[in-house]
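My notebook is open, and I'm going to look up a few things one by one. Let me have the sequence and the model on screen first.

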Amino acid sequence: MTIRATKPEKVDAVVIGAGASGAAAAKVLTEGGMRVVALEKGPWRTKETFGGDELANVNRYNLWPDPLLNPRTSRRDTESEAEVDLFCPVPQMVGGGTVHWQGWLPRFTENDFRLRSIAGELPGTTLADWPITYAELEPYYDKVEWAFGVSGQAGANAFESFRSRGYPCPPMPQSRYAEKFHLGCEHLGWNSFPTPQAALSQPFNGRPATVISAFAQQHGDPSGTRSSALNVFIPDALATGRCDLRADSYVRELTVDSQGRIKSAVYEDSAGVLVEQEADVFILACGAVETARLMLLSTSSRFANGLANGSDLVGRNVTFHEYSASVGTFEDPINAWAGGGYVSASSFQFYEHDDSRGFVSGGHIAAAGVGIPLPINWGLPGRPTWGAEAKQNDRDYFSHSMAVAMVLHDMPQHDNRVDLDPNVKDAWGLPVARITLQTHQNDIDQGRFLVDRCGEILDAAGAKQVDRVYAEKVTGNCSHQHGTARMGDDPALSVLDRNCRAHEVDNLFVVDGSPFPTATGANPTLTIMANAWRVCDHILSNRAS
């Protein structure tokens with residue numbers, strides 16, 4: 001590999017990662033007049049390359065990172081041996097995880113930003129309040145919802161916090177399993193509501209209504225009608241003429257100048273040539289795992305332990321959520337796989353913290369088809385997974401069942417972290433991310449409580465059999481990542497300030513899930529995008545002053 005003789009022209013900002021947060025950043029900054037280079041490790045794919053091939057998408061890494069090129073390692077504690085695995089994978093391509101998501105976009109609540117004040121100290125954790133409030137983020141929730149054309153029903157969630165206005169589109173059509181969910185909640189006297197979705201229930205802003213398909217979760221959208229960073233924020237950024245999006249660009253390190261400011265991003269292009277891109281501002285949007293990894297890879301005489309890591313907090317306090325469920329079987333066919341993840345129903349009945357439960361916080365409960373990730377991969381312990389018995393099981397069980405699932409609010413812990421594996425390297429010869437993750441007892445207690453509530457909904461809806469699938473550890477199966485560069489007011493306790501600028505590097509910002517002090521119990525992507533918009537508004541206002 002050689003460095004090009006002529007460096008590309010210096011620009012106003014480099015955004016590293018073109019997923020949900022990076023695409024949002026590129027849109028806001030370019031619409032604000034800045035010249036932006038967006039560097040994305042993965043390819044720039046079009047809707048014509050997506051489809052409903054379950055084996056390709058789920059089993060053969062069509063959308064997931066190739067584990068031979070992009071391995072990770074994980075271990076349960078510092079005394080254990082790390083094993084190579086695909087821990088908490090997120091698609092590495094333009095659009096990132098929004099390419100294959102269900103698109104559930106609930107807002108956090110006001111109390112999510114002050115849980116430490118509400119719940120108090122939880123031994124063994126680093127529970128902390130956020131340095132920002134819901135009120136500060138609310139205008140940006142609204143901006144993202146209206147940019148995406150989110151389908152939902154304002155006020156239907158009895159526990160939601162205040163809103164500037166309603167959703168741009170009414171809820172998506174109700175499926176049979178959403179009906180069962182609402183019925184069960186009604187019989188129990190619990191509130192339920194249509195899950196806000198990144199899908200269009202009707203034409204919006206020049207785009208047609210979203211095509212409802214079983215092939216949603218873990219599949220790209222060949223119709224191009226689903227709302228995502230790929231088909232909303234990226235086109236918006238490109239339309240300004242100020243965004244240079246470079247796919248297949250693997251960033252190896254960030255260099256610093258004599259003043260300790262970032263000078264450039266050094267990346268390897270698709271031809272294997274090293275390129276050095278200079279800018280005034282650098283924004284990390286790689287996901288909490290890869291953002292921490294890049295910061296730790298970027299060592300120098302000034303930052304011997306990694307960029308902006310004088311506090312030794314880069315990579316620490318990582319959280320991942322966990323997805324677990326109860327599964328109910330009904331006499332009548334539910335056909336939960338029909339429509340995939342587009343059509344669902346939710347409850348925040350057990351979302352807020354309640355001292356009487358004996359654990360901290362709660363989580364989002366929602367209806368979901370057992371067809372995630374669709375029939376070839378579906379199975380329950382003790383049931384046949386191949387042959388004639390499996391086919392009969394599909395007829396008798398699969399088409400008559402549905403899941404009610406929960407999002408676990410796992411607690412941040414100092415020793416739960418992302419660092420560099422000393423033994424394993426990726427295809428580019430650099431150390432891979434190593435995840436050290438021990439499950440706190442609060443996570444186990446909260447998860448069992450929520451799965452039991454999921455089961456009660458199914459019982460109340462008339463299920464003839466309910467299987468409760470308890471999560472005994474956090475596995476990263478949600479593909480949600482947070483906390484590795486938490487924001488806060490005290491540089492000794494945080495990596496970033498309240499505007500997600502590094503305390504130690506004044507031209508470095510982080511806008512993915514890394515700044516989150518807590519994971520909360522809800523799907524994070526709406527908040528990630530809203531916060532990215534907020535941070536970039538701050539960058540623009542400082543530039544103008």
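This is a predicted model: local features need pLDDT of at least 70, side-chain atom pairs count only at pLDDT 80 or more; totals for chains, interfaces and linings use all residues.

**Entry 1: a helix pair.** I started with α4 and α10, which are roughly perpendicular to each other (65 to 115 degrees counts as that). I looked up the numbers: the axes of helix α4 (residues 134-148) and α10 come within 8 Å and cross at roughly 110°. Axes here are lines fitted to C-alpha atoms, for helices over the stretch in contact, and angles run from 0 to 180 degrees between N-to-C directions. Helices (H or I, at least four residues) and strands (E, at least two) are DSSP runs, numbered from the N terminus.

Who touches whom? In α4 I found Tyr140, Tyr141 and Phe148 among the residues that meet α10, whose side includes Met529, Trp533 and Arg534. Contact means heavy atoms within 4.5 Å. The residues of this contact of α4 with α10 divide into 10 nonpolar, 2 polar and 5 charged.

Residues are numbered from 1 along each chain as its sequence is written, and side-chain values use heavy atoms, with hydrogens and water left out.

**Entry 2: the sheet.** I traced 6 strands in an open sheet, in the order β5-β11-β12-β13-β10-β16, with antiparallel pairing. Strands pair if DSSP finds at least two bridges between them. β5 (193-194) and β16 (465-469) stand at the edges with a single partner strand each, so one side of each has no neighbour in the sheet. β5 is joined to β11 (residues 345-347) by 2 bridges, and I saw that Pro194 has Ala345 as its bridge partner in β11.

Next I checked which helices lie across these strands. Helix α5 (residues 176-188) lies across β5, β11, β12 and β13, at about 25° to β11. Helix α9 (residues 441-460) lies across β10, β12, β13 and β16, at about 150° to β13.

Entry 3: Most residues other than glycine have a negative phi. Asp248 has a positive one of about 55°, and Thr520 has one of about 60°. Asp248 is in the loop between β6 and β7; Thr520 is in the loop between β17 and α10.

Buried or exposed, I wondered about Thr520? At 0% relative accessibility, Thr520 counts as buried (under 20%; exposed is over 50%, partly exposed in between, 1.4 Å probe, protein chains only). Asp248, at 35%, counts as partly exposed.

How values were computed
Angles under 35 degrees count as roughly parallel, over 145 as roughly antiparallel, 65 to 115 as roughly perpendicular and the rest as oblique. Ala, Val, Leu, Ile, Met, Phe, Trp, Tyr, Cys and Pro count as nonpolar, Asp, Glu, Lys and Arg as charged, and the others, Gly among them, as polar.
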